[in-house]
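Here is a friendly walk through some features of one protein model. Please have the sequence and the 3D view open as you read.

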Amino acid sequence: MLNAFSSIHNPQSPILYLDPKTMNISLNWLSSHVDLNGKAIPEISDLFTFAGVEVEGIVTKGIASDKIVVAQIKEAVQHPDADKLKVTQVDAGEGQLRQIVCGAKNYKVGDKVPCCLPGAQLPAGFTIGETKMRGVESKGMLAAAEEIGLPKGEDGLLILPEDSPIGVPVKTLFDSDTLLELEVTPNRPDLLSHAGMARELATLLKTPLIKGSAGVSPASTTPAPSTFIKLEATAACPFYAATRIDNVTVTESPEWLKQRLTSIGLRPINNIVDITNYVLHETGQPLHAFDAAKVSGAIVIRQAKDGESFKALDESEHVLTTENLLISDESGAALALAGVMGGLDSGVTESTTSIILESAYFTPSGIRRTSRRTALSSDSSYRYERGIDPQGVLPAAALAISLLESRSPNGCLTQSAGTLPPAPAPVSLDLDRLHHLLGNSISTEAAEEILTRLGLTKQADGTWLIPSFRQDITRHIDLAEEITRVHGLANVPSRFRATLVPTSEVDAAYDADMILRRRLASLGLYESQTIKLISEAQLPDILPLRPLQEGDLIRVKSPLSEDHAIMRPSIVPGLVASAERNARQQAKSIRLFEMGRVFRNAGGGKAVDQESDSLAILISGNADPASWSNKDRAADLYDAKAILSALLPNQTISLKPKDRENFALGAEIKAGDQTIGVFARLLPSRERTLDFTSPVFVAELDLAKLRKLISAKSQVDDLPQFPGSTRDAAMELSISTPNADIEAILEKANEPLLISYECFDLFTDPSGQKIAADRKSIAYRFNYRAADRTLKANEVDAAHQNILKLLSSIQGLIFR
């Protein structure tokens, strides 16, 4: 989001939103807290990983190519043949404008952006050239931050500072750095900041923090009694502090601050925005700034009224309930949805001269409930709903105030209302249990030294005083876990090997699933994993094993988004969505499968919350890999049947036609006499809507039945000792007669000498010259053999005549 949690809004600049699911850490920034000299990046990554902080990615910041230059957008007009593209004219310092087709939406005419000239090498491994996009010439590419080697920022183009010289290489504007993308577990909100990560890393490295890196001390931030704060909802907001700062000038930030923010993918906006962003990522405490001129009277922290409306910073409108906490003024005007997002009308602008800076402690459960209900999420809500450090509320505000005053002296007054939550209760460490758990691999002194490095203090009675930023430590086992992860599991000796347990149904199911996965992978299919929630728009693609009735869908009561509103009754919609993305990336052959759980009611909702496991398969595009010896042939239903047959080699697979709603072609999949799934082809209109250029065939199978078939014992026959004999039969019959009718008769034929058969020819003539247009010719080869002797010709002929006699029962069939 724009900042930690801020309604500061520059109308001339797009709001910057970051993905709150991971934490971006700059090693340059981290080095201001802890000495990292001599520490290699892989070593730091391993330390975090083994301590329980997942390293999702490592990005070395820096731009290598000189052909990525600063360009100014002079014109942007709609592409004549594409709704989502625009044709821009940019000045790249070449003396004439350069035409580039662009699909981003976050820029405006006059913005300066990175322009990749033909010949520019990008980190993704490809070289920029001149091309045509939907018939319009494009001489280069306008780039996003991550496309040129910088940390991921906002969606769309990287907007460069206004004073960037046109035509100079973009690499001259940025310093080198290494960015760690870390995933922090929900119980460790203390790590959602550079100071918190530095504290953790200092513990692991056994090195002290750099003095003076902790910001402003709490002693310097004692607030005055409240006169302009009315705290009415003390359960949802135990403590609220606000500072009024007058004589503020909204201006550009100093260079060091802008570098700090750009190092983690944030775009500098102005001094107010940048300071609140900096404090959030430095200390982990969200701040919020109001334009004081837009606040009437005191600030009121209250529960929203049922049905009260709120317009958020992102211009979305929400109807609130009494469960939502609201920040308003005495007139009742909503200023912010507490802890989640600021209001559109209360933000700071370039004309602001006085601000009210908020720093508060909100109850985590209330913020989590509001964020889920409104589907609003920000860096602030991400931290508030996990629990911030109560003792960091006032120091964070003081740090922001000091940074503002360092720009120009301002008169300010800090007030507070409420009481900060109490410190965590002391916890006892049971040394006997600890040594038993760790196999006496660590001494008592070493264990206590680890706890001390983590910020805990041993008291006279032997209990340990827990710092306010570690609200997750409440029991002996929590202390033991902290000691173990810092000590390292690799240093704990193994005391015994794993014990043998009998095979369970779960083991058998896993083994069967792995067999199916290996077979499908060997057939050229790729495994896909999709989310178990689908949207209303995906319902036409569902292919449940049993048709749905009204009431059989399971809908999410409060979905996070429209795309995740229904528990999937079928895996096929997820595969279709994956295939659609691949098709739009010009994939020539798409072969996907997924195993997973599906959810539905039954009988129109009479039987509820049924869950089962399914296997879904999708094929589209070329049937075979591209080769000089292969001509392009689109995959068809016979390719799908071949995959099913190879999946269950000991079963006779057949497709029994059965219409399915929303599909052009439908059939039941049978293994012998047992129905194991359903098969279909998407409607051509649906295929065109999703930009498929070839037919899309899908199948969904009952995984429980497949497991039984896979696990069943296979019967092995002796190799034949006597030769067999073949006979061919060509038949002419109605073109509407399905081949399944022929196979059904052959399967039921009680002819002991017939061991196998196969269809080897099919002929039709729509013109009606060689065969009637409503007729077809089909040819089969029949294999005969006896296990105890070599068959004579008359025996083979007799058996063959029996088969032909059975086939002649098909209406309209004649032998050719």
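## Ground rules

This is a predicted model, in which local features need pLDDT of at least 70 and side-chain atom pairs count only at pLDDT 80 or more, while totals for chains, interfaces and linings use all residues. Residues are numbered from 1 along each chain as its sequence is written, and side-chain values use heavy atoms, with hydrogens and water left out.

Helices (H or I, at least four residues) and strands (E, at least two) are DSSP runs, numbered from the N terminus.

## Two nonpolar cores

A nonpolar core is a set of buried Ala, Val, Leu, Ile, Met, Phe, Trp, Tyr and Cys residues joined through side-chain atoms within 4.5 Å. Buried means under 20% relative accessible area, exposed over 50%, and partly exposed in between (1.4 Å probe, protein chains only).

The largest such core has 41 residues, and those with the most contacts inside it include Tyr-240, Phe-290 and Ile-327. Among the elements giving it two or more residues are β13 (239-245), β18 (325-329) and α8 (393-407); β13 provides the largest share, four residues. Ile-327 is in contact (heavy atoms within 4.5 Å) with residues including Tyr-240, Ile-299, Leu-335 and Phe-362, leaving aside those up to four places away in sequence. A second, separate core has 30 residues, among them Ala-512, Leu-520, Ala-635 and Ala-671.

## A helix with a buried face

Helix α4 (residues 255-262) has Leu-257, Lys-258 and Leu-261 buried. Viewed down the axis of α4, the buried residues fall within an arc of 100°, so they line one face of the helix. That arc is taken from the directions from the helix axis to the C-beta atoms. The cover over these residues includes α5 (271-283).

## A helix pair

The axes of α12 (residues 505-522) and α16 (residues 703-711) come within 9 Å and cross at roughly 90°. Axes are lines fitted to C-alpha atoms, for helices over the stretch in contact, with angles from 0 to 180 degrees between N-to-C directions. The two helices α12 and α16 are therefore roughly perpendicular (65 to 115 degrees).

In this pairing, residues of α12 including Ala-512 and Leu-516 meet residues of α16 including Leu-706 and Ile-710.

## Two positive phi angles

Most residues other than glycine have a negative phi. Arg-134 has a positive phi near 55° and is found in the loop between β7 (130-133) and β8 (136-139). Asp-609 also has a positive phi, of about 55°, and its place is in strand β30 (residues 607-621). Arg-134 counts as exposed at 55% relative accessibility, and Asp-609 is exposed with a relative accessible area of 55%.

Definitions and conventions
Angles under 35 degrees count as roughly parallel, over 145 as roughly antiparallel, 65 to 115 as roughly perpendicular and the rest as oblique.
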